[in-house]
Amino acid sequence: MAGIELKVISKHYYVENRKVSVLNGIHLLIPDNRITVILGKSGCGKTTLLRLVGGLEKPDGGEILFDSSRKTAFVFQEDRLMPWLNVWDNVTFGLKKQNCDESVIRGIIQVVGLGGFEKAYPNQLSGGMKQRVSIARALAYSPSFIMMDEPFAALDYFTREQMQRELIQLQQTHGISILFVTHSIDEALLIGHKIVIIEEGRIKSEFTIDTDLIHRDLLDAPLIRMKKTILDILGKG
Ligand SMILES: Nc1ncnc2c1ncn2[C@@H]1O[C@H](COP(=O)(O)OP(=O)(O)OP(=O)(O)O)[C@@H](O)[C@H]1O
Ligand SMILES: [Mg+2]
């Protein structure tokens, strides 16, 4: 099948015997070979949605249809590195020896800007560097589908811009499908083929942007208009 389909997904938790409804009636198609961005305020259910799509949790209602043969990688909101392993070993952790092509791994570490830090341990890295190790680890797995939960949130403006460009390049070269969570409207407009706005566990709006990702400019009139619309939607929340 083409992509991942979420049909009337709901999810709730119990906190001190009180039912907290987190996702409600989510209907969503995550297309193949595209970047789908989930955009929403803190606490609206973005990470929960990602965990359900990644099969880390089960929905309480509805179903998720996908091709189970796809190779999926996850970049979590927190870095989740092994403190006792250096950068190289964290990146190659979980790879079978035969899949561990040294020059490919070296290239990936270079792409995320960590060349020269292969032997460093997580406690010798900044928060942003640790997050980039997590991204490298996901890429090393050569996935066809990557789920990323606010992966660039800890990065400075320039590194973030560079990583956004690299991600676009990677997606275009390898035709990877990406489900990307952010609360930055600009980031969503820059990297998204599809932007899904979530509010209080429901899909509030969906946008499709047809312009070429490589040449996208936030100052183009249609993107400025879209930003205003999104601000309006989120502001009314
Ligand atoms: N395991 C859990 N038990 C109870 N409540 C939970 C659990 N996980 C999430 N929640 C609740 O679900 C809601 C959505 O959480 P979620 O982590 O999906 O938000 P988010 O959109 O990713 O927020 P952020 O942008 O801050 O990361 C929150 O109200 C949170 O308290
Ligand atoms: Mg989250």
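Mentor: A polar contact is a pair of N or O atoms within 3.5 Å, where within protein one must be able to donate a hydrogen and the other to accept it. Please keep in mind that this is a predicted model.

Trainee: What makes the pair Arg70 and Asp32 a polar contact?

Mentor: The side chains of Arg70 and Asp32 are joined at 3.3 Å, and the cut-off is within 3.5 Å. The pair therefore meets the distance criterion of a polar contact.

Trainee: Where does Arg70 lie, and is Arg70 buried or exposed?

Mentor: Arg70 is in the loop between strand E4 (61–65) and E5. Its relative accessible area is 15%, and buried means under 20%, so Arg70 counts as buried. Leaving aside neighbours within four places in sequence, Arg70 is in contact with residues including Gly3, Ile4, Ser144 and Phe145.

Trainee: Which residues coordinate the magnesium ion, and how do you know that they are donors?

Mentor: Thr47, through OG1, and Gln77, through OE1, coordinate the magnesium ion (ligand 2) at 2.0 to 2.4 Å. Thr47 belongs to helix H1 (residues 46–53) and Gln77 to the loop between strand E5 (72–75) and helix H2 (87–92), so the pair ties together parts that are 30 residues apart in sequence.

Trainee: Why are Thr47 and Gln77 called partly exposed?

Mentor: Thr47 has a relative accessible area of 30%, and Gln77 has a relative accessibility of 40%. Partly exposed is the class in between buried, under 20%, and exposed, over 50%. Thr47 is therefore partly exposed, and so is Gln77.

Trainee: What makes strand E3 mostly covered?

Mentor: In E3 (residues 35–39), five of its five residues are buried. Ile35, Val37 and Leu39 point one way, while Thr36 and Ile38 point the other way. In a regular strand the side chains alternate between the two faces of the sheet.

Trainee: How do you know that E3 pairs with E7 and with E8?

Mentor: Two strands pair if at least two bridges are found between them. E3 and strand E7 (residues 177–182) have five bridges in the parallel sense, and E3 is joined to strand E8 (residues 194–199) by four, also parallel. Both pairs therefore pass the threshold. Val37 has Phe180 as its bridge partner in E7, and Leu39 has Ile197 in E8.

Trainee: In what order do the strands of this open sheet stand, and why are E5 and E9 placed at the edges?

Mentor: The six strands follow the order E5-E6-E7-E3-E8-E9, with mixed pairing. E5 and strand E9 (202–208) each have a single partner strand, so one side of each is left without a neighbour in the sheet. Neighbouring strands of this sheet are turned by 15° against each other on average, direction ignored.

Trainee: Which helices lie on E5 and E6 or touch E3, E6 and E7?

Mentor: H4 lies across E5 and E6, running at about 180° to E5. H5 packs on the sheet and touches E3, E6 and E7, with its direction at about 155° to that of E7.

Trainee: How do you know that the buried residues of H3 are on the same side?

Mentor: Ile105, Ile108 and Ile109 are the buried residues named in helix H3 (residues 102–111). They cover an arc of only 100° around the axis, which puts them on the same side of H3. The face turned away from that buried side carries the exposed residues Ser103 and Gln110. The buried residues of H3 pack against H2 and helix H4 (127–140).

Definitions and conventions. Residues numbered from 1 in each chain as written. Chains lettered and ligands numbered in written order. Predicted model: local features only at pLDDT ≥ 70, side-chain atom pairs only at ≥ 80, totals over all residues. Heavy atoms only, no water. Buried < 20%, exposed > 50% of the residue type's maximum accessible area, 1.4 Å probe, protein only. Helix = DSSP H or I, 4+ residues; strand = E, 2+ residues; numbered from the N terminus. Donors = N, O, S within 2.8 Å, 3.2 Å for Na, K, Ca; no water. Contact = heavy atoms within 4.5 Å. Arc of directions from axis to C-beta. Axes fitted to C-alpha atoms, helices over the stretch in contact; angles between N-to-C directions.
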